[in-house]
Amino acid sequence: MIRVGLRMLLGDRTKLFGLIFGVAFSTLLICQQTSIFFGLLARASSVVNDVREASVWVMDPSVQTIEVPYPLRDTELGRVRGIEGVQWAVPFFKAQVIVRTRAGRLENGVLLGIDDASLVGVPDEFLQGSIEDLSRPDAIAMNPAGFRLLFPGEQPVLGREIEINDRRARIAAIVDASAAFTSNLTIYTRYSLATQYTNNGRNELSFVLARPAPGLEPERIAQRIAARTGLKAVTTEEFRLESILYILKTTGIPVSFGTVVLLGAIIGVAIVGLTFHQFVSDNLKQYAALKAIGIRNGRLLGMTLAQAAFVGAIGYGFGLAAAAAFFHFTAPVDALRGFHLYPEVAVAVAGAAALIVLASTVLSLKRVLVVDPATVFRG
Amino acid sequence: MSTTTEHGAAIPEAAAHASAVRCRGIEKSFGDGSARLRVLRGADFDAAAGEMTFLVGPSGCGKTTLISVIGGILSCEAGEVRVLGTELRALSNRALADFRLAHLGFVFQQFHLLPALSALENAAVPLVARGLGHRRAEERAAALLERLGLADEMRKFPTQLSGGQQQRVAIARALVHEPSLLICDEPTASLDARSGHTVMELLREVAVAPARAVIVVTHDSRIFELADRIAHMSDGVIAREERRAARSATHQHSLPSTT
Ligand SMILES: Nc1ncnc2c1ncn2[C@@H]1O[C@H](COP(=O)(O)OP(=O)(O)O)[C@@H](O)[C@H]1O
Ligand SMILES: [Mg+2]
């Protein structure tokens, strides 16, 4: 009888299209928006993420996020280095800077200063040049998206000069940094150079990055550093989460995305619910006839649920494919860099689509179950 | 002594042949209070296997109500509703549905075919509902549709068929599982006179069988000649019965072709 139910559905192309469209629409909207939401959250912690060698971050006790650092005294670096169990500790500098090109283009960027000696804190993915090139005079490394932002229509090349806060800088390497939250332009340079770009050489230590000696837990070392220095010390993972929570708490992002997702679900329920209602109305006499023939309510229920499952599965498939296509075709767009369809989102949205279809079916289901077979003999 | 039908219900043999349907004193009302309408007022009705019984009478006298009770899709307030040896009033809704699927066939005035299914698939529905595979169900439906003159129409959909053809598909659907009781409510009322007559002749030829009782509700006097027996209903009771001897004779004569 399930086959009969599916044939009934396939026989009404207009409604079938409406039902599939409704589910696909919701799936696309929810998948796409949720994935972008998680992508944005990932950006909120991408600077933390990109520092792979260190597992403990030390900062001023008032700092809540990577986005808003507060200067430490430069003596703190030495104190952290002196704590037993710390294998090494390096300075890390972060600031927002204004960048200008010769052509007069002005952009906002994230400037990251790494330890002059060890060059710890840059991601490994050098597309042009290498980490050693950062040791040259006025050398900076820039991400490709940042380059294209500064030099529209050009592919990244080395040797270009720009001004950072009115001081000269040369692009000595192109490094594939993750997309950051506040800007598409990420610049790495030596710590000493970074402080010159921003503060006329005055020492401004944003963070101390540390690594525990082999076999020691980052949590333990973080606790020890905090206890000995009175500073805030957390693991990379903790700082990543704190930075994400900060964005969640202080911006309208969750509300804005939540609203769109909710609307997507409501519109889906409306489209699917109304169309399914109409479909059942059109077939109510047929359901009554099937009941008169002797088909039990349970089997009609199964038939209707099979129709719902069919529509749900196909609609979800189309919606998911559309969302995947969106992220595939927008992958080269720098502004959407790092956004992709999360498998977890795809799985969760499958559940959401099932709920949407179920919610839409429930009312119509009741009509199928209560229709009186005796009505088949009447007009 | 009793025989077991293909579908498991034990039917006393005597009942199957003599009185397939035996109703006594059926009472049925609609509504309550001052709006209460007594439709069946102690109706007695019988139908025998091997016969085609017509239930006739003026519009509104309670014919459809009576066959709905006999068909187990409407409950009544009082009386005895014995169908194929089973007292229907003792059955739950679920058991009634199973009983209908196993033993009864219905033909409605409005056909009520599933528009998305072909003639063949429509005719096969009761067998599929009983768990038979689609292939085998459609084989049996096809044989029946052929006997009903629809060999070339099997793949067509209801909207591509004339009214008479649709009703023949509905007859195939009602008979495909070889029910012991076939109930038809005004099967020709939606058809013009000629195709109505063709449909009734085919119905008589294909449906009447020694082990099957056929009840046809109609007020179309032009087809009365096809009945073995006519029960005249008025005001909620069977007022008078008449037997058509000649028809019974031709029926006896045509028996071999229906087996
Ligand atoms: N479900 C119902 N509710 C109220 N009145 C009904 C219902 N079904 C039938 N009736 C009434 O019962 C009477 C008999 O109806 P019916 O059995 O359909 O007559 P017939 O089939 O002989 O024309 C009519 O007056 C009809 O209006
Ligand atoms: Mg009637």
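Between chain A and chain B, 2 salt bridges are counted, a salt bridge being a side-chain nitrogen of Lys or Arg within 4 Å of a carboxyl oxygen of Asp or Glu. One pairs Arg7(A) with Glu121(B), whose side chains meet at 2.1 Å, N to O. The model is predicted, so local features need pLDDT of at least 70 and side-chain atom pairs count only at pLDDT 80 or more, whereas totals for chains, interfaces and linings use all residues. Residues are numbered from 1 along each chain as its sequence is written, chains are lettered from A and ligands numbered from 1 in the order in which they are written, and side-chain values use heavy atoms, with hydrogens and water left out.

The interface between the chains comes next. With contact taken as heavy atoms within 4.5 Å, 24 residues of chain A and 33 residues of chain B take part. About 2500 Å² is buried between chain A and chain B, and carbon and sulfur atoms give 63% of this area; buried area is the accessible area (1.4 Å probe) that two parts lose on being put together, summed over both. Of the area that chain A buries against chain B, 31% comes from Ile293(A), Arg296(A) and Phe377(A), more than from any other three residues.

Polar contacts (pairs of N or O atoms within 3.5 Å; within protein, one able to donate a hydrogen and the other to accept it, with residues adjacent in sequence counting only if both atoms are side-chain atoms) link 8 residue pairs across the interface of chain A and chain B, both residues at pLDDT 80 or more. On the side of chain A that touches chain B, α1 (2-10) and α9 (253-293) each supply at least two residues, and α9(A) gives the most, with 7 residues; helices here are DSSP runs (H or I, at least four residues), numbered from the N terminus.

Within chain A, an automatic or database domain assignment separates domain 1 (2-44 + 252-377) from domain 2 (61-230). Their C-alpha centres lie 47 Å apart, and 7 residues of domain 1 of chain A are in contact with 11 residues of domain 2 of chain A. The two domains of chain A bury about 780 Å² between them, 46% of it on carbon and sulfur atoms. Arg43(A), Asp334(A) and Arg337(A) supply 72% of the area that domain 1 of chain A buries against domain 2 of chain A, more than any other three residues. Asp334(A) also forms a salt bridge with Arg148(A), with the closest N and O atoms 2.8 Å apart.
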